[in-house]
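The sequence and the model come first, and a description by topic follows.

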Amino acid sequence: MPICPLCLRPIPPGVPASLHHLIPKLKGGKGGETVLLHHICHKEIHATFTEGELARQYNTPEALRAHSRIARFVEWVAKRPPDFMSKVPKRRR
């Protein structure tokens, strides 16, 4: 069973998941490394960062988890079951 590299929870079969390009396709990451994330985790990443920020600073799971908003999200979502889905707030800058 794959493990989400953002929240470190398992991704069971049938749970919404998506591939995240560590460097966005629009910033040169087409064909580059991807990671499988819970869909809610993927949405949180894109609600938090611009494509440029992802390409320059937040292009590893470790760098993403080190950001304060993502760290708070990970702490919150870690208490939920792997199939938990919730609306992700819009971008906050």
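## Aromatic pairs

Rings of Phe, Tyr and Trp (its six-membered ring) are taken as a pair if their centres lie within 6.5 Å, and the pair is called stacked when the planes are under 30 degrees apart, edge-to-face when they are over 60 degrees apart, and tilted for the rest. The structure is a predicted model, in which local features need pLDDT of at least 70 and side-chain atom pairs count only at pLDDT 80 or more, while totals for chains, interfaces and linings use all residues. Residues are numbered from 1 along each chain as its sequence is written, and side-chain values use heavy atoms, with hydrogens and water left out.

The structure holds 3 aromatic pairs. One of them joins phenylalanine 49 to tyrosine 58, and this pair is stacked, with 4.2 Å from centre to centre and 25° between the planes. Phenylalanine 49 and tyrosine 58 are both buried, where buried stands for under 20% relative accessible area, exposed for over 50% and partly exposed for what lies in between (1.4 Å probe, protein chains only). Another pair is made by tryptophan 76 and phenylalanine 84, which is edge-to-face because the ring centres are 5.5 Å apart and the planes stand at 75°.

## The cluster around phenylalanine 84

Phe73, Trp76 and Phe84 form one aromatic cluster. Within it, tryptophan 76 counts as partly exposed, at 33% relative accessibility, and phenylalanine 84 is also partly exposed, with a relative accessible area of 23%. The charged end of arginine 80 sits over the ring of phenylalanine 84, 5.8 Å from the ring centre; a charge is said to sit over a ring if NZ of Lys or CZ of Arg is within 6 Å of the ring centre and within 35 degrees of the ring normal.

Helices (H or I, at least four residues) and strands (E, at least two) are DSSP runs, numbered from the N terminus. Helix H1 covers residues 39-48, and 7 of its 10 residues are buried, so the helix is largely enclosed by the rest of the structure. The buried residues of H1 are Ile40, Cys41, His42, Glu44, Ile45, Ala47 and Thr48. What covers them includes strand S1 (17-21), strand S2 (34-38), helix H2 (51-56), helix H3 (61-66) and helix H4.

Histidine 42 is one of the residues of helix H1, and it is buried, with a relative accessible area of 14%. Its side chain makes a polar contact of 2.7 Å with the side chain of serine 18, a polar contact being a pair of N or O atoms within 3.5 Å, of which, within protein, one must be able to donate a hydrogen and the other to accept it, and for which residues adjacent in sequence count only if both atoms are side-chain atoms. When residues up to four places away in sequence are not counted, histidine 42 touches Ser18, Leu19, His20 and Leu37, where contact means heavy atoms within 4.5 Å.

Side chains of opposite charge can pair when their charged atoms come close. A salt bridge is a side-chain nitrogen of Lys or Arg within 4 Å of a carboxyl oxygen of Asp or Glu, and by this rule the count comes to 1. It is formed by arginine 69 and glutamate 44, whose closest N and O atoms are 2.7 Å apart. Arginine 69 lies in helix H4 (residues 68-77) and glutamate 44 in helix H1, so the pair ties together parts that are 25 residues apart in sequence. Arginine 69 and glutamate 44 are both buried, the glutamate at 4% relative accessibility.

## The nonpolar core

A nonpolar core is a set of buried Ala, Val, Leu, Ile, Met, Phe, Trp, Tyr and Cys residues joined through side-chain atoms within 4.5 Å. The largest one has 18 residues, and those with the most contacts inside it are Leu6 and Cys41. S2, H1 and H4 each supply at least two residues of this core, and H4 gives the most, with 4 residues. Leaving aside neighbours within four places in sequence, leucine 6 is in contact with Leu37, Cys41, Ile45, Leu64, Arg65, Ile70, Phe73 and Val74.

## Leucine 8

Leucine 8 is found in the segment before S1, where it is exposed, with a relative accessible area of 55%. Although leucine 8 is not a glycine, it has a positive phi of about 65°.
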